[in-house]
Amino acid sequence: MDFQQTHRFPAEQPVAAAKLSGAYKHNRIGHAYLFDGEKGVGKKDAALYFAQLLLCEHPSDNVPCETCHACRRVLSGNHPNILTVEPDGQDIKKDQMARLLEAMTKKAYEQGRRIYIIEQAHRLNTAAANALLKFLEEPDGDVTAILLTDAYHMILPTIQSRCQRLSFLPPRREQVVERLKAEGISPSLAATVTCLTADAARAAELASEEQFVTLRKTVVKLVQAIDQHVTEALMLIQTEWGPFLKEKEDAEMGLDLLLYMYRDIVAKKAGMTALPAYPDLEEFTSALAMKMTYDQLASNLESILQAKKQLHRNMHRTLLLEQLVLSMQEGLSVV
Ligand SMILES: [Zn+2]
């Protein structure tokens, strides 16, 4: 990874940036921070940028100079005062934490503040979390912890209460779409995957999966069939939907994609201009928006949400989808 390019405070996080630069300016550096926010919002970049600022020899206006010895070493990932830990397999283990904390308490070979970054801090195992907690209870003025998480609620309350929480905003969908298009992903796929995730890397991965592209087509076919012949829709579930009903995750994604399709239709009907999930199907969604009433659309959305709930109650998935199609068809015939 090229730190020189990626290692910048994320521009989409002005609130977090203002809080950290305020703390720096007033020389009130906390001894523990907890950055929380979805994957891909730049928590690690922000942590490294802040660490660089804390170590920079010639900062100006709360910005690291980028050229001093300390800055260059942070940028190349080789500054001995910054240590990072991430899960080894499923979790962060006690010996990982012990090694990290020992390094933090030793007299540093380098002057200045020491910073440790804990990635996916919600995956600290109990013993590791207790070791960290003990360390946080006896803060050393020259040590700063930065915990990163996308699951704040899974962090022990005793750890939460000892950290300053900085919440990172989810990226705007339009920004992620533009980023994906710049990577060569088609505008229609980019629009769909960004409904499923705000994480640009995960979105790009999904868009490149053949299975996802097929699932998207299968969802479109089903909506067309529901509009025309219920028997055809039922047949589709037996045939083309089959492979996607084996795994709960795939079935759920299918239901989500179905939900976005009807959401597009509702938005069309209401004259909303937000970017649809299926921009390539505007003609089709417009036609259905003309044809269907708000009541029918609301009932379809409700049926899909119900199906999602039943999916988690482990209902037989083929049966579940058949019932869904029948209830949606029913909604259509009651005019
Ligand atoms: Zn510098």
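**Notes on the zinc site, a cavity and one loop**

1. Let's begin with Asp61, which is exposed, at a relative accessible area of 72% (exposed means over 50%, buried under 20%, partly exposed in between, with a 1.4 Å probe and protein chains only). Asp61 sits in the loop between α3 (43-55) and α4 (69-75); helices here are DSSP runs of H or I with at least four residues, strands are runs of E with at least two, and both are numbered from the N terminus. Its phi is near 55 degrees, a positive value in a residue other than glycine. Asn62 lies in that loop between α3 and α4 too, with a positive phi of about 60 degrees although it is not a glycine. Most residues other than glycine have a negative phi.

2. A word on the basis: this is a predicted model, in which local features need pLDDT of at least 70 and side-chain atom pairs count only at pLDDT 80 or more, while totals for chains, interfaces and linings use all residues. Residues are numbered from 1 along each chain as its sequence is written, and side-chain values use heavy atoms, with hydrogens and water left out.

3. Now the metal. Cys56, Cys65, Cys68 and Cys71 each coordinate the zinc ion through SG, at 2.3 to 2.4 Å (donors are N, O and S atoms within 2.8 Å of the metal, or 3.2 Å for Na, K and Ca; water is not among the atoms, so sites may look incomplete). The donor residues follow the spacing C-x8-C-x2-C-x2-C in sequence. The arrangement is tetrahedral because the four donor atoms subtend angles of 104 to 119 degrees around the zinc ion, and four donors count as tetrahedral if all angles lie between 85 and 135 degrees.

4. How accessible are these cysteines? Cys65 is partly exposed at 23%, Cys68 is buried at 5%, and Cys71 is buried at 0%. Cys163 is also buried, at 10%. The structure holds zero disulfides, a disulfide being a pair of cysteine sulfur atoms within 2.5 Å.

5. The largest cavity has a volume of about 50 Å³, the space filled by probe spheres set on the points. Its lining includes His31, Tyr116 and Phe135. β4 gives the largest share of that lining, three residues.

Methods: Four donors count as tetrahedral if all angles lie between 85 and 135 degrees; four count as square planar and six as octahedral if opposite donors are over 155 degrees apart and all others between 65 and 115; anything else is irregular. On a 1 Å grid over the protein atoms alone, a cavity is a set of points where a 1.4 Å probe fits but cannot get out, and a pocket is an open set with protein on both sides within 12 Å along at least five of seven lines; lining residues have an atom within 4 Å of a point.
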